[in-house]
Amino acid sequence: MFRRRRSPGIGILLLAAQLMQTGVQYIPPVTLGVIAINTAIYLRLFTGLPSVRQACISYVYVWYGKDWRRIFLSPFFHLDDMHLYYNMVSFLWKSMSLETRLGSSGMVYLLSVFSVLTSVTLLILDYCLSVLLNDLSYLHTCAAGFSGVIFALKVVTTYNLPSGSMTSVFLFRVPSSIAYWVELVVIQLLVPSVSFTGHLAGIIVGLLYVKGPLKYLDGSVGNLVRANPVRPSYTYNSGTSGRRTQTVQREDAELQAALQESLNDIRRRQHTSDASTRHTSDASTRHTSDASTRHTSNTSTRHTSNTSTPSNDEDNHLTNEDIRQRRLRHFQN
């Protein structure tokens with residue numbers, strides 16, 4: 001049966017505003033493509049799409065009804081425009097940082113694995129909880145949305161943050177290592193109708209990826225969590241995926257060159273300042289020495305002059321008789 005297209009609501013407008021604020025040209029292609037696909041499915045821009053009720057996942061529909069396609073469809077269907085908005089905005093930041101490091105092919109692989117495994121894990125959790133709690137409602141609960149995948153991505157992104165880093169969860173600052181657990185509880189308290197097992201399934205899949213066997217399924221993606229933690233601030237680039245890694249490496253090299261040039265400039269300025277200080281000090285020393293020499297010379301000159309002056313004055317005042325008497329005494333001796 002033909003289903004009419006949905007008209008954009010406030011959630012779609014908010015999502016568009018967020019994308020424009022971020023800059024569409026800075027969003028990697030896979031991240032932008034996933035947001036576009038989820039939005040197009042919600043707006044029913046594709047023909048032949050099932051309804052949300054026909055795509056949501058539950059143990060009864062999948063196991064007893066043998067409707068296996070729900071495992072693949074349920075992450076891409078949302079209940080309303082605000083549900084889509086919150087999921088896509090949260091996905092945007094996590095996927096941008098991961099795709100920048102993994103590349104487009106690695107991101108496609110990661111999202112494909114997470115989408116399927118979160119659905120399978122949700123079914124397992126619903127069955128286990130129904131048995132443990134003797135509550136059959138878990139088997140009939142039907143879930144849809146991308147939040148399970150988002151929780152798995154959150155585990156991966158926080159795992160690579162430096163030890164001791166803090167993350168904001170709503171109004172709280174919590175250690176990054178437990179941020180997804182805090183968010184799981186807070187969301188459940190604020191919106192009890194959300195799928196608790198769907199979010200928990202995402203966390204379990206994320207942990208299996210960063211600490212369990214899933215990280216060995218693909219060598220290129222597994223290197224992300226086996227490598228040393230990366231810096232928390234990322235550079236996002238647009239363009240084809242084949243050139244993204246080269247662009248990041250080139251920008252890092254340019255940044256290192258700029259930093260080295262700044263250090264060299266500071267050293268040159270410091271060397272010039274030290275040379276100027278030494279020159280000023282030497283000039284001051286020479287000036288002081290010259291002044292001291294001149295002072296000593298003047299003092300000696302004045303002393304000699306003062307000493308010789310009385311003799312000259314005395315000779316000038318001698319009379320002829322005095323000179324004759326001196327000569328007489330000289331010959332008598």
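**The disulfide and its surroundings**

Cys56 and Cys142 are joined by a disulfide, with 1.8 Å from S to S. The model is a predicted one. The link of Cys56 and Cys142 is right-handed, at 95° about the S-S bond. This pair ties together distant parts of the chain, 86 residues apart. Cys56 sits in the loop between helix H3 (52-55) and H4. Cys142 sits in the loop between helix H7 (137-140) and H8. The disulfide count comes to 1.

Are the two partners buried or exposed? Buried means under 20% relative accessible area, and exposed means over 50%. Cys56 has 6%, so Cys56 is buried. Cys142 has 30%, so Cys142 is partly exposed. Cys128 is also partly exposed, with a relative accessible area of 35%.

Next, the nonpolar packing. The largest nonpolar core has 50 residues. Phe91, Met107, Leu110, Leu111, Phe114 and Leu153 touch the most other members. Several helices give two or more residues to this core, among them H4 (59-64), H6 (81-132) and H8 (147-159). H6 gives the most, with 17 residues. Leu153 shows the packing in detail. Beyond its neighbours within four places in sequence, Leu153 is in contact with Phe91, Lys94, Leu98, Met107, Leu110, Leu111 and Phe114. A second, separate core has 7 residues, including Ile41, Leu49, Phe77 and Ala144.

Now two polar residues. Ser147 lies in helix H8. Its relative accessibility is 13%, so Ser147 counts as buried. What does the side chain of Ser147 make a polar contact with? The partner is the side chain of His199, at 3.1 Å. With neighbours within four places in sequence left aside, Ser147 is in contact with Asn87 and His199.

Thr118 is in helix H6. Thr118 counts as buried because its relative accessibility is 7%. A polar atom of the Thr118 side chain lies 3.1 Å from the backbone oxygen of Ser115.

Which residues of H9 are buried? They are Ala179, Tyr180, Glu183, Leu184, Val186, Ile187 and Gln188. The cover over the buried residues of H9 includes H8, strand E1 (166-169), strand E2 (172-175) and H10.

Last, the record. An unreviewed UniProt entry annotates residues 108-129, 136-159 and 179-210 as "transmembrane region". In the model, residues 136-159 are 71% helix and 0% strand. The end C-alpha atoms of residues 136-159 are 35 Å apart. Residues 179-210 are 84% helix and 0% strand. The end C-alpha atoms of residues 179-210 lie 15 Å apart.

Conventions:
Residues numbered from 1 in each chain as written. Predicted model: local features only at pLDDT ≥ 70, side-chain atom pairs only at ≥ 80, totals over all residues. Heavy atoms only, no water. UniProt positions renumbered as here; feature names shortened; annotations may be inferred. Helix = DSSP H or I, 4+ residues; strand = E, 2+ residues; numbered from the N terminus. Core = buried A, V, L, I, M, F, W, Y, C linked by side-chain atoms within 4.5 Å. Buried < 20%, exposed > 50% of the residue type's maximum accessible area, 1.4 Å probe, protein only. Contact = heavy atoms within 4.5 Å. Disulfide = S-S within 2.5 Å. Polar contact = N/O pair within 3.5 Å; in protein donor to acceptor, adjacent residues only side chain to side chain.
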